[in-house]
Amino acid sequence: MDRQVKAFDLSCFHGPLSRQEVTKRIGEAALTKQGTFLFSTQPTEPHGPIILSTTHNNSIVHFAVDLDAQGHLAVNGKSYDGVSTLGQLLETLQNGPSSYPLALAVPRPRQGGTQRVLECHHGSLDRPGAEALLVASHIPQGAYLLWINAKSQTVLSVTHRGKVVHNLVTMREGHIFVNKRQHVMATTLPELIAGLQQPVATWPAPLLYPINRQRASPQQQQKQQQQQQQ
């Protein structure tokens, strides 16, 4: 994509990111406010379309942003007349046009954002992967981690009585629910975790031991990059 769109001038432009990394960066935002968004590019296509990722109905959706034949920006093939920069596109989409699924509301900045990222949030993962991390902790009760499934839904996995239990985390009317139940008053994931670290009548047992993500070794990073390029 021609850099005349001036993506690098935007604090919400994160540069080359894998889909997994996008999900990790915006994952917590999916439970704070609908329409939280960021822009990125695909590592394997540095000159390809810019990707707009945004939260919608407790999920993360992705749209390709590119230039049409007339030099106007297009989102998933839909052109916007007179819009040739990301700044103009943002102004258009933040007004919530009827032709777009939702209005862009809160930009996710590259650094220094107001939302605290939890170390126990592992980003994109699957059930076996979450279970393996918890089983490896050898903690039969109170170990926990957060992850995002293939449907871009947030999951809270915990150990309870020697077993791993997976709980779906959603937001409704500005408040967070776990398995469709509001166990504590929380509007963000840090508030949810803090609340469930205390005894709660409707929750089986307090969250005691976070299973934090670890930084990959150079060899692991190389392997991950190779997998992303496949």
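The questions and answers below walk through one predicted model.

Residues are numbered from 1 along each chain as its sequence is written. Because the model is predicted, local features need pLDDT of at least 70 and side-chain atom pairs count only at pLDDT 80 or more, while totals for chains, interfaces and linings use all residues; side-chain values use heavy atoms, with hydrogens and water left out.

Student: How many helices and strands are there in the protein?

Tutor: Helices (H or I, at least four residues) and strands (E, at least two) are DSSP runs, numbered from the N terminus. By that count the protein has five helices and 13 strands.

Student: What percentage of the 230 residues count as buried?

Tutor: Buried means under 20% relative accessible area; exposed is over 50%, and partly exposed lies in between (1.4 Å probe, protein chains only). Applied to the 230 residues of the protein, this gives a buried share of 41%.

Student: How many of the eight residues of α4 are buried?

Tutor: The buried ones are L189, P190, L192, I193, G195 and L196. Their cover includes β8 (121–124), β9, β10, β11 and β12. So α4 is mostly covered, and its buried count is six.

Student: Which residues does W203 touch, beyond four places away in sequence?

Tutor: Contact means heavy atoms within 4.5 Å. W203 is among the residues with the most contacts inside the largest core. Leaving out residues up to four places away, its partners are L156, V158, N167, V178, H183 and L196.

Student: Is H183 buried or exposed?

Tutor: H183 is in the loop between β12 and α4. Its relative accessibility is 15%, so H183 counts as buried.

Student: Which side chain makes a polar contact with the side chain of H183?

Tutor: A polar contact is a pair of N or O atoms within 3.5 Å; within protein, one must be able to donate a hydrogen and the other to accept it, and residues adjacent in sequence count only if both atoms are side-chain atoms. The H183 side chain reaches the backbone oxygen of V178 at 3.4 Å. At 2.8 Å, its side-chain partner is T202.

Student: How far apart in space are H160 and P206?

Tutor: H160 touches P140, Q141, V165, P204 and A205, not counting residues up to four places away in sequence. Its side chain also makes a polar contact of 3.0 Å with that of Q141. H160 and P206 are 46 residues apart in sequence, yet their C-alpha to C-alpha distance is 9.8 Å.

Student: Why is β10 largely enclosed by the rest of the structure?

Tutor: β10 also pairs with β9, in the antiparallel sense over five bridges. There, L146 stands opposite L156. β10 counts as largely enclosed because its buried residues, out of seven, number six.

Student: What is the angle between the planes of F37 and F39?

Tutor: Rings of Phe, Tyr and Trp (its six-membered ring) pair if their centres lie within 6.5 Å; planes under 30 degrees apart count as stacked, over 60 as edge-to-face and the rest as tilted. The count by this rule is one aromatic pair. F37 and F39 are 6.1 Å apart, centre to centre, and form an edge-to-face pair, with a plane angle of 80 degrees.

Methods: Core = buried A, V, L, I, M, F, W, Y, C linked by side-chain atoms within 4.5 Å. Pairing = 2+ DSSP bridges.
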